[in-house]
Amino acid sequence: MGSRTTVQTILTIVHPEQLLQYLPTYKVVICSACRYAIQPTAIARHLKEIHNIQRSNRKPYMQYVSPFELDEAEKVRCLEPQDFPVPQLPVQDGLRCEHPQCRHLCVSTKRMKSHWSVEHGRSGQAVFDWQPVPLQTFFRGNLLRYFTDPRYNKPREILRPASPICDTVIESRKASNLEPDLTNIHIDETPLSRLPVPQNELLQYFVNHTSLTIGSDVATTILWQTQVPKLAHQHPFLMHGLLACASLHLAHTNPSSSKYHIIHAMCHQNQGMPLFRSAINNQNESNCHAILVFAHLLVVNSFALEKQDDQLFLTSNDMNTEEAILPSWLHFIRAGCSMLCDHWDTVDSGPVKALAEHWDVPVDIPEYDTPTPLLAHFLSIIPPPTSSSSWTEIEIFTYKSSAALLDRAFASLRTLREKFTMWDILRIWPVEVSREFLEMVSAKHPGALVLLAHYCVMLVKMEGHWWFEGRAGRLLGNVLGELGSEWWGVVRWPVEEIGVGWPERPKGEGEWLGNVEMRG
């Protein structure tokens with residue numbers, strides 16, 4: 001009873017025009033608290049039963065709506081609004097049936113599968129038989145009927161970068177002799193080459209916007225704008241990777257609709273990965289360029305996907321294979337050169353050679369006769385053999401080797417200075433460490449976590465990229481959560497350098513180890 005009184009007390013002080021929103025375009029009243037339309041004959045009942053507004057307090061609300069021209073609910077529910085989204089109504093993640101002349105809409109895969117079984121006589125398949133779309137509905141209950149953005153109701157079109165904006169970009173590049181004419185690209189009649197208009201717009205968005213954020217210099221930026229879209233038309237797995245990247249970029253730039261864009265991205269990524277693995281197993285001089293590009297996109301997409309934000313290296317798979325203990329982006333970076341070794345000369349002299357060059361640039365690292373202060377710090381934390389928490393000989397050997405590689409990685413960045421790229425940060429340590437060290441990371445070994453915490457200082461330099469914002473700090477926070485508080489003093493430098501807060505220290509813990517200042 002107290003709860004109903006509270007609701008009544010709150011709502012009786014809400015002005016009618018705040019609670020009941022009139023949309024003259026659709027001749028309907030929306031309850032701003034419930035976020036759905038109310039039938040004209042049910043407004044008084046709605047105020048009483050839903051909001052507990054008694055007769056004596058309902059009069060101002062009924063007087064407010066009395067002048068409005070309201071259509072019957074059956075007429076409103078059949079509307080197909082041309083301006084999407086309709087104000088006041090929530091936008092939901094939904095699905096649209098792709099069967100010709102159907103366009104059934106619902107909000108769950110279970111209901112869509114049931115629809116396909118009942119209406120089309122077979123079990124449908126995601127992506128092929130339905131697509132993710134944003135949905136709204138005016139009413140709930142028996143009057144519920146979903147509608148979507150009218151752009152999603154258009155017939156499928158040929159996927160090509162053709163729009164006034166895109167044509168302007170293309171013509172400006174042609175005038176500067178930066179590329180051949182993209183409008184004359186031949187598109188094979190494959191299932192992928194006929195995609196809905198929203199996906200056509202995704203390609204345009206990638207060409208006009210996303211491509212500008214991926215390149216590390218002029219040559220690679222032009223490559224992403226020109227050669228990559230051309231290759232994507234020829235290789236479906238690459239087109240899926242490209243559209244996934246564009247969707248993730250849209251999710252980043254449009255937080256209010258990020259869930260919708262992430263659904264699109266995951267659909268494309270999930271469909272592209274099996275095709276990519278098939279291409280790796282059947283690589284040739286025709287697809288090797290697209291394989292390298294997709295591997296690059298896989299890194300960007302994996303970082304950008306929300307589920308990868310906080311983990312990066314910290315996998316939880318118990319399977320004893322390298323692919324299992326590695327996140328997908330790191331697996332393909334480590335395997336990138338070797339999986340294309342038979343065709344590397346072709347890649348290195350082909351249309352994406354600017355990307356291939358990132359793997360070939362040597363880094364001159366100075367040699368030191370004595371350990372650097374950073375390496376000395378790493379070696380000083382190894383527990384003595386008599387300690388109750390001593391490490392095995394294999395763990396010590398693996399740790400020392402990985403620590404030396406990380407020390408050299410910091411030295412290489414100092415050598416490269418402002419010339420280093422994202423790919424330098426990723427290749428000069430994660431690619432070089434041994435499988436045994438990665439197993440130690442997977443097992444949350446304290447020595448491996450200490451090195452990973454220091455590597456976060458390098459990762460911070462990648463945070464200028466939209467797909468990596470905040471990742472280094474969150475990874476370090478996760479490392480601190482896995483690392484016993486007795487080790488926190490060892491990682492004081494990366495914590496202070498990155499500026500993350502310390503977790504709450506368990507009561508009764510002893511002193512921190514290695515409470516030192518480091519400026520490696």
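In this predicted model, S247 makes contact with L202, H261, H264 and A265, leaving aside residues up to four places away in sequence. S247 itself sits in helix α11. Is S247 buried or exposed? With a relative accessible area of 1%, S247 is buried, because anything under 20% counts as buried.

**The largest pocket**

How much space lies in the largest pocket? The volume comes to about 520 Å³. Its lining is made up of 23 residues, and those nearest the centre are P134, Y152, S257, Y260 and H261.

Which of the elements gives the most to the lining? That is α12, with 5 residues. By residue type, the lining splits into 11 nonpolar, 7 polar and 5 charged residues.

**Two loop residues and a helix residue**

T372 belongs to the loop that runs between α17 (353-360) and α18 (373-380). Although T372 is a loop residue, it counts as buried, with a relative accessibility of 9%. Its side chain is joined to that of D407 by a polar contact of 2.6 Å. Along the chain T372 and D407 are 35 residues apart, and their C-alpha atoms are separated by 7.8 Å.

G124 is in a loop too, this one between α6 (109-119) and β6 (130-137). Its relative accessibility is 8%, so G124 is classed as buried. Setting aside residues up to four places away in sequence, G124 touches W116, D129 and W130. The sequence gap between G124 and K113 is 11 residues, with 6.0 Å separating their C-alpha atoms.

Q63, by contrast, lies in a helix, α4 (residues 55-65). Why does Q63 count as partly exposed? Its relative accessibility is 49%, and the partly exposed class covers values between the 20% limit for buried and the 50% limit for exposed. P16 is 47 residues from Q63 along the chain, and the C-alpha atoms of the two are 9.1 Å apart.

Here are the C-alpha separations side by side:

| Residue pair | Separation along the chain | C-alpha distance |
|---|---|---|
| T372 and D407 | 35 residues | 7.8 Å |
| G124 and K113 | 11 residues | 6.0 Å |
| Q63 and P16 | 47 residues | 9.1 Å |

**A mostly covered helix**

Helix α9, residues 218-225, is worth a look as well. How many of its 8 residues are buried? The count is 6, so α9 is mostly covered. The buried residues are T220, T221, I222, L223, W224 and Q225.

**The protein as a whole**

Stepping back, the secondary structure amounts to 24 helices and 9 strands. The protein has 520 residues, and 50% of them count as buried. Its accessible surface is about 25100 Å², with carbon and sulfur atoms accounting for 51% of that area. What share of the contacts between residues at least 6 apart in sequence joins residues at least 24 apart? For this protein, the share is 69%.

Definitions and conventions:
Residues numbered from 1 in each chain as written. Predicted model: local features only at pLDDT ≥ 70, side-chain atom pairs only at ≥ 80, totals over all residues. Heavy atoms only, no water. 1 Å grid on protein atoms, 1.4 Å probe; cavity = no way out; pocket = protein on both sides within 12 Å on 5 of 7 lines; lining within 4 Å. Points joined across faces, edges and corners; volume = space filled by probe spheres on them. Helix = DSSP H or I, 4+ residues; strand = E, 2+ residues; numbered from the N terminus. Nonpolar A, V, L, I, M, F, W, Y, C, P; charged D, E, K, R; others polar. Buried < 20%, exposed > 50% of the residue type's maximum accessible area, 1.4 Å probe, protein only. Polar contact = N/O pair within 3.5 Å; in protein donor to acceptor, adjacent residues only side chain to side chain. Contact = heavy atoms within 4.5 Å. Areas by Shrake-Rupley, 256 points an atom, 1.4 Å probe, with all protein chains shown as cover.
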